[in-house]
Amino acid sequence: MQNLENCPGIKVGGYKVNNIRYADDTVLIAENKDDLQKLLNIVEEESRKKGLELKSKKTEVMVISRKQEPPKCDIFINDAKLKQQDKFKYLGTIITSDGRNNNEIAARIAQAKTNFQKMRAALTNKHISIQTRKRVLK
């Protein structure tokens, strides 16, 4: 990943970002298809040098665009075309190709409703003091 330091990426808060890593999950970020293919080629080559292999079946591509229909992005690992996704979950957050977070907001509202329903009996029980119910809620 150190070899990606001088590669293209996007500007975020004045810093160039071309990858996000957490444990064994990695996201490569580029402004265009050619830059993304370049980043992926570097990661694939350096991985191979260390005896690691990128699995094309486990690697996906997503284009984030404001266009109604996201552009097609043909990215390859060892002549295998990667599957393009419209949305995926990364570190518990739903990321969509339109760059909006409507799905994420809906998912979190649903989680909150489900959790409230599980706690409803305790939170609405008149025999439990309001202070105790507040502590349970917090």
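Visitor: Why is E45 called partly exposed?

Guide: The relative accessible area of E45 is 37%. Buried means under 20%, exposed means over 50%, and partly exposed lies in between (1.4 Å probe, protein chains only); E45 is therefore partly exposed. This is a predicted model, in which local features need pLDDT of at least 70 and side-chain atom pairs count only at pLDDT 80 or more, while totals for chains, interfaces and linings use all residues. Residues are numbered from 1 along each chain as its sequence is written, and side-chain values use heavy atoms, with hydrogens and water left out.

Visitor: What makes the contact between E45 and K49 a salt bridge?

Guide: A salt bridge requires a side-chain nitrogen of Lys or Arg within 4 Å of a carboxyl oxygen of Asp or Glu. For E45 and K49 the N to O distance is 3.7 Å, so the pair meets the definition. The two residues are four apart in helix α1, and therefore about one helical turn separates them. K49 itself is exposed, because its relative accessible area is 57%.

Visitor: How do you know that R48 and E44 form a salt bridge?

Guide: Their closest N and O atoms are 2.9 Å apart. R48 and E44 are also four residues apart in helix α1, which means a separation of about one helical turn. E44 is buried, because its relative accessible area is 12%.

Visitor: Why is the pair of K55 and E53 counted as a salt bridge?

Guide: The side chains of K55 and E53 meet at 3.9 Å, N to O. K55 has 44% relative accessibility and so counts as partly exposed, whereas E53, at 58%, counts as exposed. Elsewhere, salt bridges that share partners join E45, E46 and K49 into one network. The structure holds six salt bridges.

Visitor: What makes M1 partly exposed?

Guide: M1 has a relative accessible area of 32% and is therefore partly exposed. M1 lies in the segment before β1 (10–12). Apart from residues up to four places away in sequence, its contacts include R21, L28 and V43. M1 and I42 are 41 residues apart in sequence, yet 8.5 Å apart in space, C-alpha to C-alpha.

Visitor: How do you know that β3 and β4 pair?

Guide: Two strands pair if DSSP finds at least two bridges between them. Four bridges join β3 (residues 19–22) to β4 (residues 25–28), and the strands run antiparallel. Y22 stands opposite D25 in β4. The strands form a hairpin with two residues between them, and A23 in the turn has a positive phi of about 55°.

Visitor: Which residues make up the largest nonpolar core?

Guide: The largest nonpolar core has eight residues: L36, L40, V61, V63, C73, I75, I77 and L82. Such a core is a set of buried Ala, Val, Leu, Ile, Met, Phe, Trp, Tyr and Cys residues joined through side-chain atoms within 4.5 Å. Beyond its neighbours within four places in sequence, I77 is in contact with residues including L40 and L82.

Methods
Contact means heavy atoms within 4.5 Å.
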